[in-house]
Amino acid sequence: MRKCGRLLSFLSLASALSAQPIAVRAGRLIDPETGTSAANQLIVVENGRILRIGGAAPANAETIDLSGMSVLPGLVDAHNHLALTYKRDPENNSYYLTSVMDSTAIRAIQAVSNGITMMSSGFTVVRDLGNNANYADSAMRIAVEQGWVPGPTVINSGIIIGGMGGQFTPVPERFSLVYPEYLDADTPEEIVKAVRKNVLFGAKVIKIMVDAKPYGYTVDEMKLFITEAAKSGMKVAGHVQTRAGAARAIEAGIWSIEHSTALDDAAHKLMAQKGIWRVGTETPLSDYYQPNAERFTRTVDGLKNAYANHVKLAFSTDADYYIPGMTRGQVVIDFLKTWKAAGIPAPEILKIMTINGYQVCDLYDRRGPIKPGLPADLIAVPGNPLTDIDALRDVRFVMKDGMVFKRDGVMTPEKFFHSGPVNGWRIH
Ligand SMILES: [Zn+2]
């Protein structure tokens, strides 16, 4: 039995490796880094990676005709919560109740489903910043990387680390319920242990609560997070909601500040100077999740100010809720409204949604751009997002790791499903 299994996994790996090359004909190939495009380009994909751009199609290649479309690299949401879905019914949009009622297992499955809809909307990379029960985010990422299910490349945080009580307000009487949604770390020893625990259980970025509680984290405590995370090659993302918290996080040299409500002109100037990412999670005006027009105006003004100050910006959503009739991917792409309202030109928004996204995920030299040697992640839309950013709302084609996920506007993910870990079981 065991021998037979080994033989089968060898055969499936061998067949994956000997895959036929693919020649993608792009009517318009967009380079978001320069904001330029080139007509009628040929992209040759082999063994899941981009082999070359240009030249003739290999004789034995499968041809994919996107000659009527714009082809571009996949999009990035730099702040999502794939394994959290709070709802009006039954929990009145209180994620505290969601965390009590939805098991880690169902939340991992939600993450897979949300990841699939993100891919369908063109997002091939998602940075997932916690609230995922007991590492549902790691389970989902591993399932994608081992080859069980289709999904975006996920940079996940594991459990959010904070001072006692995490982010819950009010703190539940049964205090133990804070765990596993948050990991308490109140002393230097606990900070080191909490980072190491997340490393062990599959985190790819460390997320901390800078100032959700009055005691927050000091500059020195955040520096300890940064050095401990760096030992495992990870960056530290900080949830910030007060001006004082922002000032401390900037002084500590944090990698990214999550959310924008506490960021003013002075903070933006310092962030630009120190190269700190602004992952602003700028929610658009909507009856369902942001009905307050004044708040939306403040969000837009903040984004304008950050852009004018040349702060490093990431497209990010904080999407963690269900809107009836919309997939997670549709909720996320709707955030284009805020970026348009801020008057940021389409080529800049596109660069922020791609190049900046790979950079804030610390992936840029390994995945994202359409360049020889990198994994073949690409999408196609009928319009031209360099002139009309809303063209991104109509993603008709998605390729991930050289496998077609969506074609002619229909998800066709058959190649992503295996009955074993085809990319190796050691991925964790
Ligand atoms: Zn969040």
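**Helix 4 and its surroundings.** I looked up what the buried residues of helix 4 pack against, and found helix 3 (104-120), strand 6 (123-128) and strand 7 (153-156). I took contact as heavy atoms within 4.5 Å. I took buried as under 20% relative accessible area, exposed as over 50% and partly exposed as in between, with a 1.4 Å probe and protein chains only. Helices (H or I, at least four residues) and strands (E, at least two) are DSSP runs, numbered from the N terminus.

The model is predicted: local features need pLDDT of at least 70 and side-chain atom pairs count only at pLDDT 80 or more, while totals for chains, interfaces and linings use all residues. Residues are numbered from 1 along each chain as its sequence is written, and side-chain values use heavy atoms, with hydrogens and water left out.

Helix 4 spans residues 136-146 and is mostly covered, with nine of its eleven residues buried. I noted D137, R141 and Q146 among the buried residues, which also include M140, I142 and V144. Just after helix 4, I found G147 with a positive phi of about 100°.

**Nonpolar cores.** I then searched for nonpolar cores, meaning sets of buried Ala, Val, Leu, Ile, Met, Phe, Trp, Tyr and Cys residues joined through side-chain atoms within 4.5 Å. The largest has 91 residues, and I161 and I208 have the most contacts inside it. Apart from this core lies another, of 18 residues, among them I22, A26, M69 and V71. For I208 I listed the residues touched, not counting those up to four places away in sequence; they include I161, Y217, M222, F225 and I254.

**I352.** I located I352 in helix 12 (residues 346-360). I352 is buried, with a relative accessible area of 4%. Leaving aside neighbours within four places in sequence, I found I352 in contact with L313, A314, F315, W339 and G357. I also checked K340, which is twelve residues from I352 in sequence and 13 Å away in space, C-alpha to C-alpha.

**Whole protein.** I counted twelve helices and 17 strands. The radius of gyration is 21 Å, close to the 22 Å that the globule rule gives for 428 residues, so the protein is as compact as a globular protein of that length. This radius is taken over C-alpha atoms, and the rule is 2.2 Å times the number of residues to the power 0.38. Buried residues make up 54% of the 428. Among contacts between residues at least 6 apart in sequence, 68% join residues at least 24 apart.
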